[in-house]
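Here is a short report on a structure. It takes one residue site, then a contact between chains.

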Amino acid sequence: MTPPPSSGGSSEKPITSTYHDDPEMGEIIRDFVAELPQRIHAMRSAFSEQRLLDLLHLAHQLKGAGGGYGFDQISAAAARLELALKSLQTDRAADAAERAKVAIDEVTSLCRRATA
Amino acid sequence: MSSEPTQLQSSHAVILVIDDSPDVHRLLGARLKSEPIDLICAADGAMGLRMARELRPTVILLDIDMPGMDGFEVLRQLKDDTPTHDIPVIMLTGMQSPQDKVTAFDLGAVDYICKPFDLTELRARVRSAVRSSRLVQMLAQRAQIDGLTGLYNRAHFDARLKDELSGCQRHARSLSLAVFDCDFFKQINDTYGHPAGDEVLIGIAETLQRECRASDIPCRYGGEEFCLIMPDTPPDDAFRVCERIRQNLGAMVWPRHPERSITVSVGLVGARKPSHELTAAEWLETADKNLYTAKQTGRNRTIITDLMSGSTLAKAG
Ligand SMILES: [Mg+2]
């Protein structure tokens, strides 16, 4: 998967798990990373089809999982997405949709950069 | 002795994880792989409750945030239900919810672990819960076990006889009950000292345990008196068991007093189909009466009552 071109070099750098040296984690980190494209696909489809509840659920799960596999940035981004979706749900704030869009792009980019 | 509770013998604790996220199951599986535990997984609250009741895990790890039945409701039901009431529960919580932790403790959780899991903390908390769970189980078992002989004690016997009797009555299955009493025990204590007396009690206990079947329940009733509950055993079979025990004991040579053999008198009662009329207390009374007769008529013998035929027979050795 090719990340979108960007001026900031850091956003293209692959990110590795903080547990990448941990032998008992190797296998499940590989599984997690291998499944990320499916997760991203599911989230982006839910977003474009406006299935907010589904998206909220997926974001919540990714938030819980990312840090466990040593990808704290993914958890943090998923948390921001969850928050934006919740405000979109409640106050329908004018900028909430925009923030959600930014957040899901951010999650997408991080997940694409994740390596086992 | 051999009555050491099974939970203490097995090195593997069973940990039940109730969490809706497959990632959590996977992460815990990896993180606890090196621990001496068996991890079992439930994907929702209802499945978790079912597995907890059936498998009686050593410790439960319980997610709060689950669709459908949430962790608090699962915890409430675990604590309401006798078989699962004493299983320690560790809640799996998110970082940002202090109120959840308070609620969890109020409902009876012993601890919590924040997600994402910190490896060292996770292992320490799970180990600590396993340790205290085993301690509680051990104390509960110890309260039912006689310290000297390692057999079940009177408290266990009383409860167990009631259970076995009502089970056999319900299913029309046979049941027998024997009371053993060491002959001239006071003399042995007086002549050879209390350590010799203790050795005799331990010897009787070991013989009972060795000579009865796995389904029989030997107990120390108190003093030099022992009971043997024999489920699914008609009186004539029980009689053979008792006679074997009596004869083996009589033939034993005791290191502290090789010149002096030890005998027991036995009161036995049994029925092929126990009627609903007699209570556990009345069964014990009949066995005691037979024991008394055995003592009166020369000791070292078994007196048996078959409750179905109403006949009482004396067999002397
Ligand atoms: Mg959950």
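## The site at B:Thr263

The side chains of B:Thr263 and B:Asp183 make a polar contact at 2.7 Å. A polar contact is a pair of N or O atoms within 3.5 Å; within protein, one must be able to donate a hydrogen and the other to accept it, and residues adjacent in sequence count only if both atoms are side-chain atoms. This is a predicted model, where local features need pLDDT of at least 70, side-chain atom pairs count only at pLDDT 80 or more, and totals for chains, interfaces and linings use all residues. Side-chain values use heavy atoms, without hydrogens and water.

B:Thr263 lies in the loop between helix 11 (235-251) and strand 9 (264-271) of chain B. Its relative accessible area is 18%, so B:Thr263 is buried (under 20% relative accessible area, 1.4 Å probe, protein chains only).

## The interface of chains A and B

Chain A gives 17 residues to the contact and chain B gives 16 residues (contact: heavy atoms within 4.5 Å). The area buried between chain A and chain B is about 1,300 Å² (accessible area, 1.4 Å probe, that two parts lose on being put together, summed over both). Carbon and sulfur atoms give 43% of that area. In chain A, A:Glu24, A:Ile28 and A:Tyr69 lose the most area to chain B, together 37% of what that side buries.

## Salt bridges

The rule finds 5 salt bridges across the interface of chain A and chain B (a side-chain nitrogen of Lys or Arg within 4 Å of a carboxyl oxygen of Asp or Glu). B:Arg123 forms a salt bridge with A:Glu24. Their closest N and O atoms are 2.6 Å apart.

Note on methods:
Residues are numbered from 1 along each chain as its sequence is written. Chains are lettered from A and ligands numbered from 1 in the order in which they are written. Helices (H or I, at least four residues) and strands (E, at least two) are DSSP runs, numbered from the N terminus. Buried means under 20% relative accessible area, exposed over 50%, partly exposed in between (1.4 Å probe, protein chains only).
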